[in-house]
Amino acid sequence: ADALASENYLRGGTEDAASRLLYEAELQAVNSGLVTLGNRVPAAQAQRLAEVSGQLGEYAGLVEQARANNRQGYPVGAAYLRTANSAAAQMTTVLREVQAALRQQVNAALDRADTAGMWLHLVGWPLLLLLAVGGGWVAFRFRRLLNVPLAAALLLTLLVVVVGGTMQGGSLADAESATAGPLQAADLASQARVAAFDAHTQESLALINRGNADESMWSAASDVVGLALAQLCGRSDQCDLQSSYDQYGRTHLQVRELDDSGDWDAARELSLGDGSEAFASFASDSSDVAQAFTSSAVSELSGSASGLGGLRAVVFIAGLVVAALAVAGFGQRLREYR
């Protein structure tokens with residue numbers, strides 16, 4: 001949304017209608033997304049998202065002030081736009097912090113799952129040994145080779161430990177694979193996408209500031225894009241986005257060369273023409289990649305959790321059955337003893 005607002009301001013008094021509609025749609029998507037996410041995260045993170053929602057309203061107001069002044073030809077509109085960009089940067093910082101907190105929750109959930117699997121083995125195998133020793137003692141003490149209830153309890157415990165442990169371990173391995181694979185790839189693609197939009201915004205702002213261009217902010221954002229895309233390529237073999245962004249980067253260099261040489265009008269036309277098209281191509285490609293990895297991560301994580309709810313119930317019921325069989329088995333021999 002911020003990139004669209006800056007690009008529309010650069011166009012001057014006459015805005016592109018389609019771009020304006022897209023800007024409004026993006027703002028609505030941000031607002032809806034904040035509400036949806038706020039209902040799914042812990043209270044502390046929900047509070048931070050609520051603060052971002054409040055800042056979003058202030059941001060939209062600043063953009064409207066910049067837009068109104070720009071339509072009338074007042075240069076003060078640029079100051080409002082720069083303030084709006086600063087507000088957008090603050091909101092992005094908060095969202096990245098929330099994202100980092102949610103990433104920690106994912107890692108903590110995997111740790112808890114690993115601990116749960118360990119408890120199944122720590123309890124199951126000693127219980128299996130206890131049943132085996134108890135069954136052996138009963139056979140020796142009462143001169144009976146087979147105690148059907150104890151044998152059934154022993155077999156059931158063995159099945160639960162082996163099958164349940166295998167299922168839980170497999171689910172954890174699948175979840176860790178999904179987290180380290182498509183989920184991480186989706187994260188990297190999203191980081192590259194956010195930073196690229198920031199770079200495109202800085203390109204427009206540099207032209208708006210005529211003669212006071214600060215290339216360092218574009219370079220910083222572009223460096224983040226390059227780092228994220230390099231990691232994405234190394235982790236997932238998805239390397240096409242780098243060439244897509246490089247095409248936009250080459251156009252940006254041409255824009256800066258024209259502006260620095262004093263041909264501001266040509267630089268503006270290039271930025272709004274070929275530059276905007278090159279960036280739109282990257283934006284579309286990065287969106288497709290991020291969505292594809294996100295869908296894959298959701299599918300794999302959902303698949304890794306399938307059956308665990310049923311396994312939990314089976315383990316609980318099996319524990320009760322084993323206890324009942326053990327009581328029945330020992331009780332049978334004790335009644336004979338009496």
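This is a predicted model: local features need pLDDT of at least 70, side-chain atom pairs count only at pLDDT 80 or more; totals for chains, interfaces and linings use all residues.
Local features were considered at pLDDT of at least 70 and side-chain atom pairs at pLDDT 80 or more, whereas totals for chains, interfaces and linings use all residues. Residues are numbered from 1 along each chain as its sequence is written, and side-chain values use heavy atoms, with hydrogens and water left out.

Grid points are joined across faces, edges and corners, and a volume is the space filled by probe spheres set on the points. The whole structure contains 1 cavity of 30 Å³ or more. The volume of the largest cavity is about 100 Å³. Its lining (residues with an atom within 4 Å of a point) comprises 14 residues, with Ala 5, Asn 8, Tyr 9, Glu 15 and Arg 67 nearest the centre. Helices are DSSP runs (H or I, at least four residues) numbered from the N terminus. At least two lining residues of the largest cavity come from each of helix 1 (2–10), helix 2 (17–38) and helix 3 (43–71); helix 3 contributes the most, with 5 residues. The lining of this cavity has 6 nonpolar, 4 polar and 4 charged residues, where Ala, Val, Leu, Ile, Met, Phe, Trp, Tyr, Cys and Pro count as nonpolar, Asp, Glu, Lys and Arg as charged, and the others, Gly among them, as polar.

Two or more lining residues are given by each of helix 4 (77–142), helix 5, helix 8 (264–305) and helix 9 (308–337), and the largest share, 8 residues, belongs to helix 4. The lining of the second largest pocket consists of 13 nonpolar, 5 polar and 2 charged residues.

Helix 5 (residues 148–208) has 61 residues and should span 90 Å at 1.5 Å a residue, which agrees with the 86 Å between its end C-alpha atoms; the expected span is 1.5 Å times one less than the number of residues. A bend of about 35° occurs in helix 5 at Thr 179, followed within four residues by Pro 182; the bend is the angle between axes fitted to the seven residues ending at a position and the seven starting there. Helix 5 also holds Ser 171, which counts as buried because its relative accessibility is 12% (buried is under 20%, exposed over 50%, partly exposed in between; 1.4 Å probe, protein chains only). Ser 171 touches Ser 304 and Leu 308, residues up to four places away in sequence not being counted; contact means heavy atoms within 4.5 Å. Helix 8 bends by about 40° at Gly 275.

Val 41, in the loop between helix 2 and helix 3, is buried at 13% relative accessibility. Beyond neighbours within four places in sequence, Val 41 contacts Ala 46, Leu 49 and Leu 102. The C-alpha atoms of Val 41 and Leu 102 are separated by 8.0 Å, although these residues lie 61 residues apart along the chain. Asp 237 lies in the loop between helix 6 (215–236) and helix 7 (240–260) and is exposed, with a relative accessible area of 68%. Most residues other than glycine have a negative phi. Asp 237, not a glycine, has a positive phi of about 65°.

Definitions and conventions: On a 1 Å grid over the protein atoms alone, a cavity is a set of points where a 1.4 Å probe fits but cannot get out, and a pocket is an open set with protein on both sides within 12 Å along at least five of seven lines; lining residues have an atom within 4 Å of a point.
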